[in-house]
Each structure stands twice: as structure tokens, then as C-alpha cells.
Amino acid sequence: MAVESTYTVTGMTCGHCAASVREEISEIDGVTGVEVNVETGSVTVASDTELTREAVDAAVKEAGYSLL
């Protein structure tokens, strides 16, 4: 069963920012899709299983940004 979660990421200002966040989150086991909206800071993650906030936070930090 697919699980969808939405997070708010601070500090993104452009398409490159969005691509960095998308790439890092996509590497989390079980992630099947990532949609990033730079204007709102919204990041929606689709996955096979429930993700921990810690896993998403670590991926976002690896990209150079922070979860709100």
C-alpha cells in the first residue's frame, strides 16, 4: 500500500534546490516518488512504507536544507 507524506522544507529558492532535495529523498529505501514545490517549500513523498521523519530530515539536511 502506498503511503504519501508532505513536509515543508526551508531555504529552497530555485529548480536546482528542488532537484537536490528530490535526489536525496529519492535515495531513501522505499521511496517511489518525490514532488517539490519551491514556491511553497512543500515536498510530497510517496513510498511503499511509512517513512520516519528522521530519515527524511537526514536526506533534506544532506541536500543542504532543513525541515520546518
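**Close-up views of a predicted model**

**View A. A side chain meets a backbone oxygen at S47.** A polar atom in the side chain of S47 sits 2.6 Å from the backbone oxygen of T49. The structure shown here, as in every view below, is a predicted model. Look for S47 in strand β3, which covers residues 42–47. Is S47 buried or exposed? Its relative accessible area is 1%, so S47 counts as buried, the limit being under 20%. Setting aside neighbours within four places in sequence, S47 is in contact with M1, A2, V3, G30, V31 and T32.

**View B. Now for the largest nonpolar core.** How many residues does the largest nonpolar core have? There are 20, and the ones with the most contacts inside this core are M12, V21, I25, V43, V56 and Y65. Several elements each give two or more residues to the core: the strands β1 (3–10), β2 (31–37) and β3, together with the helices α1 (15–26) and α2 (53–63). In soluble globular proteins, nonpolar side chains tend to be buried together.

**View C. Helix α1 has a buried face.** Follow α1 from end to end: this helix has 12 residues, and the distance from its first C-alpha to its last is 16 Å, close to the 16 Å expected at 1.5 Å a residue. Which residues of α1 are buried? They are C17, A18, S20, V21 and I25. Viewed down the helix axis, the buried residues of α1 fall within an arc of 160°, and therefore they line one face of the helix. Among the elements that cover these buried residues are β2, β3 and α2. Turned away from the buried side is a face of α1 that carries the exposed residues G15, H16 and E23.

**View D. A salt bridge joins K61 and D57.** The closest N and O atoms of this pair are 3.3 Å apart, and the model has one salt bridge in total. Where do the two partners lie? Both K61 and D57 belong to helix α2, where they are four residues apart, about one turn of the helix. K61 has a relative accessibility of 52%, so K61 counts as exposed, the limit being over 50%. D57, with a relative accessible area of 22%, is partly exposed.

Note on methods. Residues are numbered from 1 along each chain as its sequence is written. This is a predicted model: local features need pLDDT of at least 70, side-chain atom pairs count only at pLDDT 80 or more; totals for chains, interfaces and linings use all residues. Side-chain values use heavy atoms; hydrogens and water are left out. Buried means under 20% relative accessible area, exposed over 50%, partly exposed in between (1.4 Å probe, protein chains only). A polar contact is a pair of N or O atoms within 3.5 Å; within protein, one must be able to donate a hydrogen and the other to accept it, and residues adjacent in sequence count only if both atoms are side-chain atoms. Contact means heavy atoms within 4.5 Å. A nonpolar core is a set of buried Ala, Val, Leu, Ile, Met, Phe, Trp, Tyr and Cys residues joined through side-chain atoms within 4.5 Å. The expected span of a helix is 1.5 Å times one less than its number of residues. The arc is that of the directions from the helix axis to the C-beta atoms. A salt bridge is a side-chain nitrogen of Lys or Arg within 4 Å of a carboxyl oxygen of Asp or Glu.
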